[in-house]
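This briefing concerns a single protein chain, shown below. It begins with one residue and its surroundings and then turns to the chain as a whole.

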Amino acid sequence: MALQAGIVGLPNVGKSTLFNAVSNSAKAQASNYRFCTIEPNVGLVNVPDPRLDKLAELVQPERTVPTQIEIVDIAGLVRGASKGEGLGNKFLANIREVDAIIHVIRCFEDENILRDEGPINPVGDKEIIETELQLKDLESVEKKIQRTEKLIKNGDAKMKAELEVLTRCKDQLNQGKSILALGLSKEEKSAIEDIFLLTDKPILYVANVDEASMHTGNKFSDALIEAVKAEGNQVIIMTNAIEAQIAEFDNPEDKQMFMEEYKMTEPALDRLIHSTYKLLNLSTYFTAGVQEVRAWTIHQGWKAPQAASVIHTDFEKGFIKAEVIAYNDFISYKSEAACRENGKLRIEGKEYVVNDGDVMHFRFNV
Ligand code: GDP
């Protein structure tokens with residue numbers, strides 16, 4: 001299953017507009033795929049990767065299949081959501097399931113478009129959403145602390161380390177900070193694994209600016225950038241309404257002309273997708289056959305059998321070995337056969353940790 005990023009934000013900031021852009025560009029791509037279902041609020045988008053195009057140039061396959069991520073439109077967050085306002089809990093349950101968050105922030109003025117929170121205030125808006133997520137997390141952490149304290153009382157001393165981590169989480173949230181910023185180790189994370197905290201997810205911001213500011217940003221996006229600087233998070237400046245229009249073009253020439261009018265070299269949506277992929281800390285490996293050259297998404301650090309399971313679960317179950325060519329070798333020698341002749345094709349076993357860019361061929365029996 002593709003990894004998911006969820007679009008969140010206050011009402012009328014341009015979430016649906018962004019989602020429509022994603023969804024329309026996904027529909028335009030759909031013919032490339034054998035399996036492509038798009039639910040009303042889920043769009044599947046290609047992740048642009050120049051390496052895939054280079055491999056395809058060399059192999060000349062029947063088809064080229066990029067990797068994809070799912071974008072989910074999560075509507076309904078308002079001030080007070082953690083206490084059940086608006087769609088409250090439903091919204092928060094949806095966020096639990098995503099791997100990363102795209103937070104859309106209104107950076108355009110338009111008195112015709114309603115706003116409950118007074119004058120445009122990107123930093124204030126960001127804090128409203130953050131506070132709701134933190135309050136919900138605090139509730140989850142406090143509940144788990146109670147359960148853990150009971151276990152310790154009943155003599156389960158092993159739980160003391162967990163309690164220590166949970167207490168640190170509680171302090172962090174009480175200071176208005178996210179769990180992710182706590183930088184817990186993998187081991188420490190096991191204490192909170194089962195409560196799926198909302199502020200433990202990587203996040204990036206979309207500053208939805210007016211048309212005139214799409215290349216430069218404006219005072220609102222500047223304020224947002226300043227506010228997230230210390231957190232190390234990224235802000236993508238774009239005009240969602242324009243992106244939605246770009247995505248509607250079926251004809252590439254018309255699309256190009258439209259973008260030229262706005263002095264754009266690529267849709268800002270592409271930048272957003274690329275940044276989201278990076279945010280997820282993912283790795284890509286390739287398969288390069290005459291039928292299909294394809295990019296596959298895995299997590300960094302995955303071993304060969306687990307990486308194979310992304311293609312088919314049988315590949316993992318019956319894994320025997322993997323033939324691996326480093327991406328740069330494939331490009332230098334120009335074919336699998338030439339890599340093989342020149343000793344650039346390695347045979348790797350179950351313990352092999354897949355590198356970003358590896359060109360893989362799995363041997364398995366079922
Ligand atoms: P959501 O509630 O966050 O999903 O917001 P919508 O995407 O439905 O947008 C709310 C309103 O703002 C709609 O009328 C959009 O047309 C408008 N809107 C969205 N993006 C922009 C933008 O970039 N500029 C301007 N001026 N209006 C926008």
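**Ala5 and the overall fold**

Leaving aside residues up to four places away in sequence, Ala5 touches Glu70, Ile71, Val72, Val98, Ala100, Ile102 and Thr276. The model is predicted, and every value below is computed from it.

**Setting of Ala5**

- Ala5 lies in strand β1, which covers residues 4-8.
- Ala5 has a relative accessible area of 1%, and because buried means under 20%, Ala5 counts as buried.
- Thr297 is 292 residues from Ala5 in sequence, yet the two C-alpha atoms are 14 Å apart in space.

**Fold and dimensions**

- The protein chain contains 14 helices and twelve strands.
- The C-alpha trace spans about 70 × 65 × 35 Å along its principal axes.
- Considering contacts between residues at least 6 apart in sequence, 68% join residues at least 24 apart.

**Burial and surface**

- Of the 366 residues in the protein chain, 48% count as buried, and Ala5 is one of the buried residues.
- The protein chain exposes about 18900 Å², and carbon and sulfur atoms supply 49% of that area.

**Charge**

- The protein chain carries 43 positive and 57 negative charges.
- The mean positions of these positive and negative charges are 6 Å apart.

Note on methods:
Residues are numbered from 1 along each chain as its sequence is written. This is a predicted model: local features need pLDDT of at least 70, side-chain atom pairs count only at pLDDT 80 or more; totals for chains, interfaces and linings use all residues. Side-chain values use heavy atoms; hydrogens and water are left out. Helices (H or I, at least four residues) and strands (E, at least two) are DSSP runs, numbered from the N terminus. Buried means under 20% relative accessible area, exposed over 50%, partly exposed in between (1.4 Å probe, protein chains only). Contact means heavy atoms within 4.5 Å. Accessible areas come from the Shrake-Rupley method with a 1.4 Å probe; for residues, only the protein chains shown count as cover. Lys and Arg count as positive and Asp and Glu as negative; His and the chain ends are not counted. The place of a charge is taken as NZ of Lys, CZ of Arg, CG of Asp or CD of Glu.
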